[in-house]
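Have a look at the sequence and the model while I talk you through a few of its contacts.

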Amino acid sequence: MKYYHGSKKGDLKELVTSHNEDELIYVTNSRLVALTYAVRGYPNLFTTLKSGQEAFLEVVPGLFEKMFKGKPAYIYILEEKNYNEVNQSNKCGHSNCFSINENVRIIDKEYIEDAYQEFLKYIEREEFKIVKSKDIPDREHLVEMIIRKAPEIDLSNKDNYLQLIKNK
């Protein structure tokens, strides 16, 4: 089985536990989930739906394209180890995730020039879906939570997408 790690950083040689607060390394056996982690920001609006399909919760129309079009990403292929399954929860919104409390060697890496175009391939194969704002049951609560957290983050490098949310 292949294991992946997604990152915005293209210079990783090894995943090191000391770089994480909880001293765990998080990996996935899904290239798609690794892609979501490679581009995520705050808020992390990616999740695995009850159907098992990966999705992005588009709380504002057009947000998905605005956030990811033209954005690069790196997917790392990792050595096999005895990873521990991470249950899907509020902390980890995906299935197919694992952790380990030791360093992990990187076997190879893949550069993705445009994450948005890569996601479109998964949409075409029906492995990924964009859940439109009108179809998000708890949208208002989610938007309120994002707005409450907004003062804590720097919007300058996030294309001001949270400002879009505040204005909707």
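**A buried glutamate and its surroundings**

The model is predicted, and local features need pLDDT of at least 70, side-chain atom pairs count only at pLDDT 80 or more, while totals for chains, interfaces and linings use all residues. Residues are numbered from 1 along each chain as its sequence is written, and side-chain values use heavy atoms, with hydrogens and water left out.

Back to Glu58. You will find Glu58 in strand 5, residues 54-58. Helices (H or I, at least four residues) and strands (E, at least two) are DSSP runs, numbered from the N terminus. Is Glu58 buried or exposed? Glu58 is buried, because its relative accessibility is 4%; the cut-offs are under 20% relative accessible area for buried, over 50% for exposed, and partly exposed in between, with a 1.4 Å probe and protein chains only.

The side chain of Glu58 also reaches the backbone nitrogen of Leu63, at 3.2 Å. Not counting residues up to four places away in sequence, Glu58 touches several others, including Phe64, Ile130 and Ile136. Contact here means heavy atoms within 4.5 Å.

**Salt bridges**

Now to the charged pairs. Side chains of opposite charge can pair when their charged atoms come close. The rule for a salt bridge is a side-chain nitrogen of Lys or Arg within 4 Å of a carboxyl oxygen of Asp or Glu. How many salt bridges does that rule give? The count is nine.

One of them links Arg31 and Glu110, with the closest N and O atoms 2.5 Å apart. Arg31 lies in helix 1 (residues 31-39) and Glu110 in strand 9 (residues 104-112), so this pair ties together parts that are 79 residues apart in sequence. Arg31 counts as buried at 17% relative accessibility, and Glu110 as partly exposed at 29%.

Another salt bridge is formed by Arg125 and Glu127, with the closest N and O atoms 2.9 Å apart. Arg125 is partly exposed at 46% relative accessible area, and Glu127 is partly exposed at 36%.

Then there is Lys134 with Asp135, with 3.2 Å between the closest N and O atoms. Here Lys134 is exposed, at 70% relative accessible area, while Asp135 is partly exposed at 46%. Elsewhere, salt bridges that share partners join Arg31, Glu110, Glu118 and Lys121 into one network.

**The nonpolar cores**

In soluble globular proteins, nonpolar side chains tend to be buried together. I call a set of buried Ala, Val, Leu, Ile, Met, Phe, Trp, Tyr and Cys residues a nonpolar core if they are joined through side-chain atoms within 4.5 Å. The largest one has 29 residues, and among those touching the most other members are Leu35, Phe46, Phe56 and Phe128. Which elements each supply at least two residues of this core? They are helix 1, strand 5, helix 2 (63-68), strand 6 (73-78), helix 3 (115-124) and strand 10 (128-132). Helix 1 gives the most, with five residues. A second, separate core of 12 residues includes Tyr3, Ile25, Val27 and Tyr83.

**Strand 8 and its partners**

Strand 8 (residues 97-100) has Cys97 and Ser99 pointing one way and Phe98 and Ile100 the other, and all are buried. Strand 3 (residues 25-28) pairs with strand 8 in the antiparallel sense over four bridges; for two strands to pair, DSSP must find at least two bridges between them. In that pairing, Ile25 stands opposite Ile100. Strand 7 (residues 84-86) is also antiparallel to strand 8, over three bridges, and there Asn84 stands opposite Ser99.

**Tyr116, and the whole protein**

Leaving aside neighbours within four places in sequence, Tyr116 is in contact with Phe64, Glu65, Phe68 and Lys69.

To step back, the protein has five helices and 10 strands, and 43% of its 168 residues count as buried. Of the contacts with a separation of 6 or more, 77% are between residues 24 or more positions apart.

Methods. A polar contact is a pair of N or O atoms within 3.5 Å; within protein, one must be able to donate a hydrogen and the other to accept it, and residues adjacent in sequence count only if both atoms are side-chain atoms.
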